[in-house]
Structure formats: C-alpha cells, structure tokens
Amino acid sequence: MLSQVVTTDPVRSFNLPVDDMGRAVDFYSRVFGWSSEAIKGSGGEYHHATTSVVDDDGVPLSKGAINGGLFKKNTHGIESAFLELEVDSIDDTVKKVLMNGGRIVREKRPMLDFAFFAIVQDSEGNCLGLMEYRK
C-alpha cells in the first residue's frame, strides 16, 4: 500500500529544449495532438504546450495531467529537459537546494509580470525550474 504524501511544492509543468521551434511544434502536434502557442514577450523562444483539456484557468481537467512548454535551447542557460515546480518562496527553496548538495543554474528573475523564476540543479545534476507567483 502506498503512503499518502502531501507536497507543498507540486510539479507544475515540464519544459523540453528544441533546436527548431517550428519543427518541434509541428512534431508534438502531429504525434501527440498537443496545441502550442508562443508566449507573449518570449520572442518566440518559449511556446506553451497544452497536452490535456483545461478549465478556464488553464488547469488540466484530466487527473495527473500536466501541461508544459518548448524552449529554444540555451535560452535558460541549459539544454536539457526539466520539470517546473511551484514553490511559495524561491529564496527559501534555493537555500534548501544549496544546503543539500544542489546548485543555482539561473538566478531568480521576474517572469513577465506575474511570477518569478529560477533554475536549480539537484544533487544528481538534474535541472528543476522554480516558479513563485507574485502575491
């Protein structure tokens, strides 16, 4: 029997690096039926990928589904896929990352006008995006 775990920092989305945005958007649309849309202000370097039917707030209606995005390689200083976690405080989370063998890949920065974003690396070299919504 699985024990129930309550997390305060849920996985919010996935992010996949691409060389050619048009080709990648076409691939994921044709193969998996995803719809993709360039995020305003990203200069076409980031496309939101919808993998599941969503409600009016953009939250997937299917249990366990997450949406994500495609980013042009090196726009975040990395070339690998990464998960994005929603955290209450990037500053507090970064302190925990550093205390437990991780490192900062990209410092905390504003994300458009609604959030802050940073990228850290875990103790095994995996990258994780941290999203903190503005209060």
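**Exercise 1. Find the residue that caps the N-terminal end of α1, and name the atoms that are involved.**

Solution. In this predicted model, the residue to look at is D20, which caps the N-terminal end of α1. A side-chain oxygen of D20 lies 3.2 Å from the backbone nitrogen of G22. At the other end, α1 is followed by G33, and the phi of G33 is positive, near 75°.

**Exercise 2. Work out which residues of α1 are buried and which are exposed, and how the two groups are placed around the helix.**

Solution. Begin with the extent of the helix: α1 comprises residues 21-32, and its 12 residues reach 16 Å from the first C-alpha to the last, close to the 16 Å expected at 1.5 Å a residue.

Next, take the cut-off for burial, which is a relative accessible area under 20%. The residues M21, A24 and Y28 of α1 are buried. They cover an arc of only 65° around the axis, and therefore lie on the same side of α1. The general rule behind this step is that an α-helix has 3.6 residues a turn, so residues three or four places apart point the same way.

The exposed residues R23 and R30 are carried by the face of α1 that is turned away from its buried side. As for the cover, the buried residues of α1 are covered by elements that include β1, β3 and β4. The helix as a whole lies across β1, β2, β3 and β4, and runs at about 155° to β4.

**Exercise 3. Trace the order of the strands in the sheet, and identify its edges.**

Solution. The open sheet is formed by 8 strands in the order β2-β3-β4-β1-β5-β8-β7-β6, with mixed pairing. Its edge strands are β2 (35-38) and β6 (103-111), each of which pairs on one side only. Neighbouring strands of the sheet are turned against each other by 25° on average, with direction ignored.

**Exercise 4. Decide whether E132 is buried or exposed, and describe its surroundings.**

Solution. E132 lies in strand β8 (residues 127-133). Its relative accessibility is 11%, so E132 counts as buried. A polar atom of the E132 side chain lies 2.7 Å from the backbone nitrogen of I90. If residues up to four places away in sequence are not counted, E132 touches V87, D88, S89, I90, D91, K108, A115 and F116.

**Exercise 5. Locate S42, and say what its side chain approaches.**

Solution. S42 belongs to the loop between β2 and β3. A polar atom of its side chain lies 2.7 Å from the backbone oxygen of I39. Although S42 and M111 are 69 residues apart along the chain, their C-alpha atoms are separated by 9.8 Å.

Conventions: Residues are numbered from 1 along each chain as its sequence is written. This is a predicted model: local features need pLDDT of at least 70, side-chain atom pairs count only at pLDDT 80 or more; totals for chains, interfaces and linings use all residues. Side-chain values use heavy atoms; hydrogens and water are left out. Two strands pair if DSSP finds at least two bridges between them. Helices (H or I, at least four residues) and strands (E, at least two) are DSSP runs, numbered from the N terminus. Axes are lines fitted to C-alpha atoms, for helices over the stretch in contact, and angles run from 0 to 180 degrees between N-to-C directions. Contact means heavy atoms within 4.5 Å. The expected span of a helix is 1.5 Å times one less than its number of residues. Buried means under 20% relative accessible area, exposed over 50%, partly exposed in between (1.4 Å probe, protein chains only). The arc is that of the directions from the helix axis to the C-beta atoms. A polar contact is a pair of N or O atoms within 3.5 Å; within protein, one must be able to donate a hydrogen and the other to accept it, and residues adjacent in sequence count only if both atoms are side-chain atoms.
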